[in-house]
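Open your viewer and keep the selection panel handy.

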Amino acid sequence: MSKRAMITGITGQDGSYLAELLLGEGYEVTGIIRRLSHPNLNRIEHLLDRIRLHPADLLDGLSLIRAIEENEPDELYNLAAMSFVPASWDQPLLTGEFNAQGVTRVLDAVRRVNPKIKLYQASSSEMFGKVREVPQTELTPFYPRSPYGVSKVFGHYITVNYRESYGLFACSGILFNHESPRRGLEFVTRKVSDGVARIKLGIEQKLYLGNLEAHRDWGFAGDYVRAMWLMLQQPTADDYVVATGESHSVRDLVEVAFGHAGLDWKAHVEVDPRFLRPAEVDHLIGNAAKARQSLGWAPSVDFAGLVGMMVDSDIERLSGIKPPKPR
Ligand code: NAP
Ligand code: GDD
């Protein structure tokens, strides 16, 4: 009998790649979607004939219990979250409801319905914030710098606590930034790849950004969902950092992205203070030695490859050429 997986956040970037991976591994996949007045299934349109969708919301614990009872998953991947850091200053309470108490609702639903379900929690390198150590590992202390980061620290520790209190097989993946052509347009990599494409095609002249000096450890989302799955295939539950071990500034990103399209970024990029944050995470770089050793995980796409893939995809999309098959 094939294994069953449930994914919260299946309509997001990671949810779509994870659903593809799990289908490829022979799983039956159920995705949790929240009710919207207008469907938001564009990232999983190509999978709709192969997955089941179940309405539920992280804000409603009863809906989660029902979803688990009716679909009987062996593995549950909790990817749903308010994931855009600047929005967390605008809506700090709602961010906590989704990203902190939402995790408790998922964990408690699992505990009540079937404590044998293996659970993955989407934790974040934003928890390291004002970093206490370089590079960051599973043992680096947290110092979050946004309501988003604070909410993810709660989500991380409540996952550890349910593992230790109730013996749940619950893993927390501390994932560094991962990107793709399916990334939301407000995140910096996609904002840049989309901006480069618009400028290349003559649709726009300028791209307005915030802090060019921030550094991130950027990888490809398709690689990172494999690490999530591998965590749940281990004999015991544990927490893992997932990262490339390479850090680049937003300035590097811009230079590589414009260069890929044969453009000089200095002629097009301007700093707009509206995109600066009340408190910044200056420099993230992860040490994924544990994931490499225990999971056998390694990234397959490097920084230049990732940026090139995103720029090409946006140029193709905006040129009106038939978009490439999702990768
Ligand atoms: P994303 O593209 O923003 O997707 C977020 C998903 O969460 C969407 O499917 C969204 O549904 C869903 N969602 C939000 N609130 C919900 C609610 N109340 N009930 C049910 N579903 C809800 O995010 P992502 O980049 O795929 O990231 C996936 C997870 O990994 C998130 O938890 C994020 O915080 C975490 N993470 C991401 C990164 C990264 O670099 N991408 C790094 C570390 C951790 P709608 O489509 O309805 O909005
Ligand atoms: N979004 C955005 N827009 N960021 C900008 C801009 C801009 O115009 N200009 C500079 N930046 C800088 C931000 O200040 C930040 O330092 C960096 O680019 C990355 O910003 P985002 O792409 O928005 O991602 P993030 O690092 O804040 O958060 C992402 O990664 C986390 C993991 O570390 C999100 O995916 C989070 O959900 C995830 O947990």
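Start by selecting ligand 1 and the residues around it: there are 25 of them, and Thr11, Arg34, Asn40, Ser83 and Tyr148 are the closest. A residue joins this shell if one of its heavy atoms lies within 4 Å of the ligand. Before you click further, note that this is a predicted model, in which local features need pLDDT of at least 70, side-chain atom pairs count only at pLDDT 80 or more, and totals for chains, interfaces and linings use all residues. Residues are numbered from 1 along each chain as its sequence is written, chains are lettered from A and ligands numbered from 1 in the order in which they are written, and side-chain values use heavy atoms, with hydrogens and water left out.

The side chain of Lys152 places an N or O atom 2.9 Å from a ligand oxygen. A polar backbone atom of His178 is also 2.9 Å from an oxygen of ligand 1. On its own, ligand 1 exposes 900 Å², of which the protein buries 91% (Shrake-Rupley areas, 1.4 Å probe; for residues, only the protein chains shown count as cover).

Now move to ligand 2. Its shell holds 23 residues, with Ser124, Ser125, Tyr148, Arg277 and Glu280 the closest. Zoom in on Asn177, whose side chain has an N or O atom 2.7 Å from a ligand oxygen, then on Glu280, where the corresponding side-chain distance to an oxygen of ligand 2 is 2.6 Å.

For the last stop, select Asn71 in helix α2 (residues 61-71); helices are DSSP runs of H or I, at least four residues, numbered from the N terminus. Asn71 is buried, at 5% relative accessible area (buried means under 20%, exposed over 50%, partly exposed in between; 1.4 Å probe, protein chains only). Its side chain makes a polar contact with that of His54 at 3.0 Å, and a polar side-chain atom of Asn71 lies 2.8 Å from the backbone oxygen of Ala67.

Conventions
A polar contact is a pair of N or O atoms within 3.5 Å; within protein, one must be able to donate a hydrogen and the other to accept it, and residues adjacent in sequence count only if both atoms are side-chain atoms. Helices (H or I, at least four residues) and strands (E, at least two) are DSSP runs, numbered from the N terminus.
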